[in-house]
Amino acid sequence: MDDSLSNNAARASVLVVEDDEAISDVACTFLAQEGYACTPAFSGTEARLLLDARHFDLVICDLMLPGLPGEDVVALVRAQGSTPVIVTSARGATSDKVALLRTGADDYLVKPFDLDELLARIEVQLRRSAAMPGGGAGAGAAGDARILSYKGWRVDEGLRTFAANGAPIRLTRTEFDLVCALMHRPCKVFTKRELFAAAWREEPVVEEKTVNTHIGNIRAKLKGTGTEGYIETVWGIGFKLAE
């Protein structure tokens, strides 16, 4: 890793929720060698107790867990804030991935997974977190907040808040970043790859169809605000803000 990633890892605490002790031990040992402070949880119930007691910079969560299912752990993390969540599961069907992304997961890794790929995905999530005003492990003071407006939408990038026609809308980290990407360039037609890169500040590392899922989630949350039509699909290309 380069120095910036190494410094980021040294400050990052990771909760590894995995009931298979062998997988948990391998993942925690590997990540510890990369500078991360890992805390294992072997059930969803144990994860809930740990999440109630302390803050983590990132959560890695299996789905098939005793006590409390992984889907509920993801929902709990998301209800508490914007801590990134990477789900790991042997269930690799597209429907499973879509369901977890809708629940609030930030990424999905199918078992068995390569440890280097897991590390790369963690780095992506922590870089995104560090890039947020006031975000990230060990982040410094936030810079000046930037207010974005587009028709009935209003975003405060400093406070990470979004409102549609005056109604506050709770967005996940990814949904918020996608909205900001669109609002920064309201006249641009984004390809899915461009939109992914603009929101993640990375080259795409997951399927571009993931963007479709997040856009669908945003539209669903906007229903009833009169602004659900603001994101326009440009068939064969991607998305843009409606003129």
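Start with helix H2, residues 21-33, which lies across E1, E2 and E3 and runs at about 170° to E2. For that I'm counting contact as heavy atoms within 4.5 Å. Axes are lines fitted to C-alpha atoms, for helices over the stretch in contact, and angles run from 0 to 180 degrees between N-to-C directions. Helices (H or I, at least four residues) and strands (E, at least two) are DSSP runs, numbered from the N terminus.

Quick housekeeping. This is a predicted model, so local features need pLDDT of at least 70 and side-chain atom pairs count only at pLDDT 80 or more, while totals for chains, interfaces and linings use all residues. Residues are numbered from 1 along each chain as its sequence is written, and side-chain values use heavy atoms, with hydrogens and water left out.

Now the sheet itself. What is the strand order? It's an open sheet of five strands, E2-E1-E3-E4-E5, with parallel pairing; two strands pair if DSSP finds at least two bridges between them. E2 (37-41) and E5 are at the edges with a single partner strand each, so one side of each has no neighbour in the sheet. From one strand to the next, the twist averages 20°. Looking at one pairing, E1 (residues 13-17) and E3 are joined in the parallel sense over four bridges, and Val17 sits opposite Cys61 in E3.

On to the helix pair. The axes of H3 (residues 44-53) and H4 (residues 70-80) come within 10 Å and cross at roughly 10°. That makes the two helices roughly parallel to each other, given that angles under 35 degrees count as roughly parallel, over 145 as roughly antiparallel, 65 to 115 as roughly perpendicular and the rest as oblique. Which residues meet there? From H3 we have Gly44, Ala47, Arg48, Leu51 and Asp52, and from H4 they meet Val73, Leu76, Val77 and Gln80. By class, that contact has five nonpolar, two polar and two charged residues. The classes are Ala, Val, Leu, Ile, Met, Phe, Trp, Tyr, Cys and Pro as nonpolar, Asp, Glu, Lys and Arg as charged, and the others, Gly among them, as polar.

Last topic, salt bridges. A search of the whole structure finds 10 of them, each being a side-chain nitrogen of Lys or Arg within 4 Å of a carboxyl oxygen of Asp or Glu.

Take Lys111 and Asp62, with their closest N and O atoms 3.3 Å apart. Lys111 is in the loop between E5 (107-110) and H6 (115-131) and Asp62 is in E3 (residues 58-62), so the pair ties together parts 49 residues apart in sequence. Buried or exposed? Lys111 counts as buried at 17% relative accessibility, and so does Asp62 at 5%; buried means under 20% relative accessible area, exposed over 50%, partly exposed in between, with a 1.4 Å probe and protein chains only.

Next, Asp177 and Arg160 meet in a salt bridge at 3.0 Å, N to O. Asp177 lies in H7 (residues 173-184) and Arg160 in the loop between E7 (153-156) and E8 (161-164), so this pair links parts 17 residues apart in sequence. Asp177 is buried at 4%, whereas Arg160 is partly exposed at 23%. Salt bridges that share partners also join Glu18, Asp62 and Lys111 into one network.
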